[in-house]
Amino acid sequence: MFARGFKTWCETISLQHRRTLKLRPIDPLDPQVVAKSLGVRIHGVDEIPGLDPRAIQTLLHDDPDSWSAVTITNGRQSVIIFNSSHRGGRPASDLMHELAHVIIGHEPARVDVTEDGSLILNTYNRDQEDEANWLAGCLLLPRDALLWIKRQGLEPREAAKQYGVSVAMLQYRLNVSGVEQQLQRTRASVRKRT
Ligand SMILES: [Zn+2]
């Protein structure tokens, strides 16, 4: 369960970011652009100087599906490190998820390197993950965009591509935002009147 008002706050934040970037409420939002406006740097794991080659080997080749992106900070500057072995629709939503943690102000995970060179990630708790997921969904697909997609009759695959998300993410947002139900009610009342 989210704190009272959290979902409304997320929609507001999503609109605010578009306004700041001179975008319309229905426009797709590129996580790279959001990162830039927040002063957050983004790097592939293979671009991190000084990272033990054995750690890179583990992260990109031995166990590439176990992680997608992680945010680290030195207190002033946040850096998102993403899994450069992932391609396709996934990186955009992974990056937006990490940016959502930053926007909400969650304490970023710390990366510790043990003496034998292995990485330890102190991750966020369950509530923080749920909050970041919800905000990332709102940032990528706010209600205005969802209504626009439905009213234009855009094919799910085409809409997902435009907004940099998976079809599953689009369907999920249509359900949880209440947009699907809202349009069904409108259609039902139009039928009643005619
Ligand atoms: Zn997270």
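A residue is called buried here when its relative accessible area is under 20% and exposed when that value is over 50%, with partly exposed in between. The legends below describe close-up views of a predicted model.

**View 1. Helix H9 and its buried side.** Helix H9 covers residues 179-193, and its 15 residues reach 21 Å from the first C-alpha to the last, close to the 21 Å expected at 1.5 Å a residue. Within H9, the residues Val179, Glu180 and Leu183 are buried. They cover an arc of only 105 degrees around the axis, which puts them on the same side of H9. An α-helix has 3.6 residues a turn, so residues three or four places apart point the same way. What covers the buried residues of H9 includes helix H6 (143-152) and helix H8 (167-176), whereas the face of H9 turned away from its buried side carries the exposed residues Arg185, Lys192 and Arg193.

View 2. Distant parts of the chain are linked by the pair of His101, in helix H4 (residues 90-104), and Glu129, in helix H5 (residues 126-140), which are 28 residues apart. Both His101 and Glu129 are buried.

**View 3. Cys10 and Cys138.** A search of the whole structure finds zero disulfides. Cys10 is in no disulfide, and the nearest cysteine sulfur, that of Cys138, is 4.9 Å away. Seen from Cys138, the closest cysteine sulfur is in Cys10, and the 4.9 Å between them is too far for a bond, because a disulfide requires a pair of cysteine sulfur atoms within 2.5 Å. Cys10 has a relative accessibility of 0% and therefore counts as buried, and Cys138, at 1%, counts as buried too.

**View 4. Arg41 in strand S1.** Arg41 is found in strand S1, which covers residues 41-44, and with a relative accessibility of 43% Arg41 counts as partly exposed. Leaving aside its neighbours within four places in sequence, Arg41 is in contact with Gln77, Ser78, Val79 and Ile80. Arg41 and Ile81 are 40 residues apart in sequence, and their C-alpha atoms are 8.5 Å apart in space.

**View 5. Thr73 in strand S2.** Thr73 lies in strand S2 (residues 69-73) and is partly exposed, its relative accessible area being 33%. From Thr73 to Glu107 there are 34 residues in sequence, while the C-alpha atoms of the two are 9.0 Å apart in space.

**View 6. Lys22 in the loop between helices H1 and H2.** Lys22 lies in the loop between helix H1 (6-20) and helix H2 (31-38), and at 76% relative accessibility Lys22 counts as exposed. The phi of Lys22 is near 60 degrees, a positive value in a residue other than glycine. Most residues other than glycine have a negative phi.

Note on methods: Residues numbered from 1 in each chain as written. Predicted model: local features only at pLDDT ≥ 70, side-chain atom pairs only at ≥ 80, totals over all residues. Heavy atoms only, no water. Helix = DSSP H or I, 4+ residues; strand = E, 2+ residues; numbered from the N terminus. Expected span 1.5 Å × (residues − 1). Buried < 20%, exposed > 50% of the residue type's maximum accessible area, 1.4 Å probe, protein only. Arc of directions from axis to C-beta. Contact = heavy atoms within 4.5 Å.
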